[in-house]
Amino acid sequence: MSDTVESVGNVVGGTGPGGGNGRGNGARQLLASGFGVFARQREATVLVVTVALLLYFGLSDASSFVSQVNAVDLLSELMAPIAIIAIGEVLLLICGEIDLSVGFIYTFAPFVMLYAVTDYHVPAALAVLLGLLSGVLAGWVNGFLTVTLRVPSFIATIGTGFMLWGLALTVSSAEPQEIPPSSVSAGKVLGIPSNPWQWMPFIWAVVLVLIFHIVLTRTRWGLYTVAAGGNLLGAREAGINVGRIKYGNFMITGFMGALVGLQTAFYTNNVDPSAGGYQPMFYAVIAAVIGGTAMLGGSGTILGAFLGAVVLATLTDGFDIIGISANPLPIIFGGAILVAMIANVQLARLRQAGRTL
Amino acid sequence: MTAQHQFPQATGGAGPATDEVLHAEHISKRFGAVTALVDVTVRLNRGEVLGLIGDNGAGKSTLLKIFCGFQQPDSGRILLNGEEVTLKSVMHARSLGIDVVYQDLALVNELSVYHNMFLNREEVRGPLLSNRLMRRIARDHLDEMGVHIPSVNVPVASLSGGQRQAIAVARAVFGNAKVLLLDEPLAAMGAKEVAMILDLIKDLKRRGDVSIIIIAHNYGQVLEICDRVNLLQHGEITLDKLSQDTSVQELNDIVVAEYRRALEERQRSA
């Protein structure tokens, strides 16, 4: 057992021949891997910030902040959309890509659902599935542009984003439309503003975060996602189909965008061409970055991004509750991004230094 | 593929006819106007360590890329265990037991040692990775090969260049490589690190189930570790000797002579 402690403590600037040979029993190694420890430490930082913020706002105005109404506002309306989209962005950022179009997939997918019901008389539940499928398809197009046609995703997804935005504006004539009353019940499982269905967005976020946390940390898909972003050539050399991984992660992100779009549509009972857009996408990327995801690929955590989403939602909500103007909020968000990125870069430099010793 | 019949001894080279695991003859390769390899014949005996030396641009790396399936020769043929093979890709060559280790290219720094060891041949239980099993096997395998690292759980990024190289070699052997191609395994390494890799290669040699081709620049190291040396100059093999029959001095003299010739040519054309 003491061996285990030594082997973990001994990491940076590893010793040459004759160094400790970490023979501790794998089953007992609570700190499963050095990388895991590292990642968890980063999550721990965000966790502290999250708890501190919740305490601060909770103590500032307990009666308003700690209420069921506000809990729903905070967790289902503000946090869930950021957290769900962030799942996709984390996977993409880790494998070395980004999706700037996901906010417009969010805008577009509800229209697919709406017109399937109103113009093609598709049953509402099936229309919801079609809406989700349209998001997956948009993700596939992003994958096609990025992987097959080799357009950098930063540009490719700006292009697809604009197109989806324009499509949504065109089909709706830029007018918001109500969800047909007969279809509303199909949205219960996604979340509608009545008890207990109002909790559904939050539940979706938690369940999806847990599922994809396991996908990222415990499956081949996650391992290959890290490998694709960490060492693209090496991953290819090892025979990993890197293109498939990237396609898949674009499609997952597209699905998440469509899901959030549909949830918002049902929650607000409105299919609105001005919903979505760049803001939810940027919030998701910020959440990922605050949560410890590197922009250059190779590392990131979904739990961290989830906490990042809680931080963003708490700040937005808390400012509102304690009656401070929301105007300076972007300053705080901007600062948070910079602090998180500086920490990331400096940590990477430290790691680099440890390696060249 | 598994047939290991002896085949008649091929042309050229020193030493008696032995069991050849890899034999390439009359290999040529052009890139546009540049002729990288003219008419190269190389053989690798079973359990042997062959040093491939030569100036930059002499064709060493091109030859290695052909052996590992990354590039196809314009002409010539390759025999693996006496059977002619066409190496279609790196994956194909690997499946036939020929594996290449490039420095710093092989490993994913962000992943742990054991995940790197098992990259693309992970142990799984259903959809989930069997990390415990992989950790144990990786540790046993590295211990067996005498590769000492603090822990198989640490990310590869935290290891030294030599340790990473050792892990890349161990991974190839672990993947059942019978012919190992090492592209400058000792470049940019301190003495301690070099000693570690040389030890590892000697250990592999002792075990005898892996045959190795090494590209290297330090003739002292080459002669210490290799059974035989091939010198490539301008896309041709101009020297093929057992290590015991040559010396650092001789190899140096040949290369210095080449520089002199090049220098004279420049002066004449100037």
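Me: Is helix H13 of chain A mostly covered or mostly open, and how many of its residues are buried?
Reply: This is a predicted model, where local features need pLDDT of at least 70, side-chain atom pairs count only at pLDDT 80 or more, and totals for chains, interfaces and linings use all residues. Residues are numbered from 1 along each chain as its sequence is written, with chains lettered from A and ligands numbered from 1 in the order in which they are written. A residue is buried if 20 or more other C-beta atoms, placed from the backbone, lie within 10 Å of its own, exposed if 12 or fewer, and partly exposed in between. By that count H13(A) is mostly covered, and the buried residues number 17 of 20.

Me: What span does H13(A) reach from its first C-alpha to its last?
Reply: Helices (H or I, at least four residues) and strands (E, at least two) are DSSP runs, numbered from the N terminus. H13(A) covers residues 302–321, 20 residues in total. The expected span is 1.5 Å times one less than the number of residues. The helix comes close to the expected 28 Å, with a span of 28 Å.

Me: Which residue just after H13(A) takes a positive phi?
Reply: The helix runs over residues 302–321. Just after H13(A), a positive phi of about 80° is taken by A:Gly323.

Me: Is A:Gly308 buried or exposed?
Reply: A:Gly308 lies in helix H13 of chain A. It has 32 C-beta neighbours inside 10 Å, so A:Gly308 counts as buried.

Me: Which residues does A:Gly308 touch, leaving out those up to four places away in sequence?
Reply: Contact means that C-beta atoms, placed from the backbone, lie within 7 Å. A:Tyr224 is 84 residues from A:Gly308 along the chain, and their C-alpha atoms are separated by 24 Å. The residues touched by A:Gly308 are A:Val46, A:Ala86, A:Ile286, A:Ala287, A:Ala288, A:Ile290 and A:Gly291.

Me: How are H9 and H11 of chain A oriented to each other?
Reply: Axes are lines fitted to C-alpha atoms, for helices over the stretch in contact, and angles run from 0 to 180 degrees between N-to-C directions. The axes of H9(A), residues 220–230, and H11(A), residues 242–268, come within 10 Å and cross at roughly 110°. Angles under 35 degrees count as roughly parallel, over 145 as roughly antiparallel, 65 to 115 as roughly perpendicular and the rest as oblique. That makes H9(A) and H11(A) roughly perpendicular.

Me: Which residues of H11(A) make the contact with H9(A)?
Reply: H9(A) contributes A:Tyr224, A:Thr225 and A:Ala228. From H11(A) come A:Val242, A:Ile245, A:Lys246 and A:Asn249.

Me: What share of chain A is buried?
Reply: The secondary structure of chain A comes to 14 helices and two strands. Among its contacts between residues at least 6 apart in sequence, 75% join residues at least 24 apart. Of the 357 residues in chain A, the buried share is 50%.

Me: Which residue in S4(B) stands opposite B:His23?
Reply: Five bridges join S1(B), residues 20–31, to S4(B), residues 75–80. Elsewhere in this pairing, B:Ser28 has B:Ser75 as its partner. Opposite B:His23 stands B:Leu79.

Me: Which residue in the turn between S4(B) and S5(B) has a positive phi?
Reply: Three bridges join these antiparallel strands, and B:Ile78 is partnered by B:Val85. The hairpin has two residues between its strands, and a positive phi of about 50° belongs to B:Asn81.

Me: Which are the edge strands of the six-strand sheet in chain B?
Reply: The order of this open sheet is S6-S9-S10-S3-S11-S12, with mixed pairing. Within it, S3(B) and S11(B) pair in the parallel sense over five bridges. Pairing on one side only marks the edge strands, S6(B) and S12(B).

Notes:
Contact = placed C-beta atoms within 7 Å. Pairing = 2+ DSSP bridges.
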